[in-house]
Amino acid sequence: MQFADRLNNVETSAIRELFKLLGKPGIISFAGGFPDSAMFDVDGIREAVNAALAEEAGAALQYGATEGYNPLREQLAQFMTSKGAQGVAADNLIVTTGSQQGLDLLGKTLISPGDKVIVEGPTFLATIQCFRLYGAELISAPVDGDGVKVDELEKLIAEHRPKFVYLIPTFGNPSGAMLTQARRQKVLELAVKYQTLVVEDDPYGDLYFGEAPPPSLLNLSASVPGSRELLAHCGSLSKVLSPGLRVGWMIAPTELLAKATMCKQFSDAHTSTFAQATAAQYLRAGRMPATLAKVRAVYAERAQAMGDALRSDLGEAIEFVQPQGGLFVWARLTGAGGKVADGNVLAKRAIEKGVAFVPGSPFFCANPDHATLRLSFATADVAKIREGVARLAQAL
Ligand code: PMP
């Protein structure tokens, strides 16, 4: 069959192949990017579904506006405001089918073949694939434990004049890094200085373990004149409430939201009204603070357990920054003591020992660091995490 030329720019990810092996009995998986399904607030969602059907069945089961179901847009605007965003009203956001659709709509509305887009090295794999599908030439900006290196970022912006810069500033996937406040400030200043759109992808910002992270780019934009008009922010209920709901949102300048809405119309007409009404009821019932407190506590314990186990079982053979939120430990094999220093090699050996993780190299759009790995601590309990890390040490 003859497929569209744009498919030549992408390939199915190496990670998918690995996922096929996960079905093996007894495997402990640190591989997924999923939240733990045991943590879903099933009672709260059931109540929200019942309320949606009792109070607004006509709207919840009917076609709806492409921009989103207004009661949910209102709730999301309030949610964002409660987290410190200024000047965010229902009209300033559209509801998307997961934040993944927000990224796709940004690709669709902004990228012409050959356009340059700067992303972090490493960054979210599906973003790499999605932007490439639209023909983007991706430029990789280096990161360290504090997120993207802003001086390098400025050089790349000045040199390449990208269509936009895509960042996951808070507990990135896969890097787990948290961009410092000073760097966030600088990113917004760069947006204004070079008149470059910045995309903030923020599905993990609420999953912090100790102190709250620095304000999002969205929140900070209120204090950097001119930056709000150059910022798109993608949010999601996936990691804190349920990815199956497929409820995300995008806050962006009016003109961009209008174009994204037009493209969404041709794509899925609107995000499931049933899911939107459910999410709106859930938020209105005021359950979110307790849900967030619960997931933060559970993931914090697991992150600590994984960090401790890696330090004690793998010692100098691995280096990583202890994550302060999110779902991932991003680590690097040092090769110390002649041990394996390639994430792909270790991933295969690890499966044989009964533990799975994702090698880091596919997360780079250029110059992959083959020594890296992404380990998710989200879905295994503390005992399994310890056992899984012990198996990893054997594999090493
Ligand atoms: N952005 C990042 C960085 C992610 O890790 C994910 C999910 N893995 C998404 C976006 C998409 O999430 P969703 O579509 O479920 O909101």
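Guide: Let us begin with a pair of residues: in β9, H233 has I251 as its bridge partner. Helices (H or I, at least four residues) and strands (E, at least two) are DSSP runs, numbered from the N terminus. Residues are numbered from 1 along each chain as its sequence is written. This is a predicted model, in which local features need pLDDT of at least 70 and side-chain atom pairs count only at pLDDT 80 or more, while totals for chains, interfaces and linings use all residues.

Visitor: In which sense do β8 and β9 pair, and over how many bridges?

Guide: Two strands pair if DSSP finds at least two bridges between them. β8 and β9 pair in the antiparallel sense, over 4 bridges. On β7, β8 (residues 231–236) has a parallel partner, again with 4 bridges. Within that pairing V198 stands opposite L231, and D201 faces C234.

Visitor: Are the residues of β8 buried or exposed?

Guide: A residue is buried if 20 or more other C-beta atoms lie within 10 Å of its own, exposed if 12 or fewer, and partly exposed in between, with C-beta atoms placed from the backbone. In β8, 6 of the 6 residues are buried, so the strand is largely enclosed by the rest of the structure. L231, H233 and G235 lie on one side, A232, C234 and S236 on the other, and both faces are covered. Strand β7 (residues 197–201) is mostly covered, with 5 of its 5 residues buried. From β7, L197, V199 and D201 point one way, whereas V198 and E200 point the other way.

Visitor: Which residue can illustrate the exposed class?

Guide: G23 counts as exposed because it has 7 C-beta neighbours inside 10 Å. G23 is found in the loop between α1 (14–20) and β1 (28–29).

Visitor: What is the order of the strands in the sheet that holds β7 and β8?

Guide: The order is β2-β9-β8-β7-β6-β3-β4-β5, an open sheet of 8 strands with mixed pairing. Its edge strands, β2 (93–97) and β5 (147–148), each pair on one side only. β2 and β9 (residues 247–251) pair in the antiparallel sense over 5 bridges. Helix α3 (residues 70–82) packs on the sheet, touching β2 and β9, and its direction makes about 110° with that of β2. Contact here requires C-beta atoms, placed from the backbone, to lie within 7 Å. Axes are lines fitted to C-alpha atoms, for helices over the stretch in contact, and angles run from 0 to 180 degrees between N-to-C directions.

Visitor: What is the order of the strands in the open sheet of 4 strands?

Guide: That sheet has the order β10-β11-β14-β13, with antiparallel pairing. β10 (318–320) and β13 (358–359) stand at the edges with a single partner strand each, so one side of each is left without a neighbour in the sheet. Between β11 (residues 328–333) and β14 (residues 372–376) there are 5 bridges in the antiparallel sense, and V329 stands opposite L375. Helix α11 (residues 288–314) lies across β10, β11 and β14, running at about 20° to β11.

Visitor: How many residues surround the ligand, and which are the closest?

Guide: A residue is near a molecule if its C-beta atom, placed from the backbone, lies within 6 Å of it. There are 13 residues around the ligand, and the closest are G98, Q100, N173, S236 and S238. Helix α4 (residues 98–110) supplies the largest share of this shell, 3 residues.

Key. Contact = placed C-beta atoms within 7 Å.
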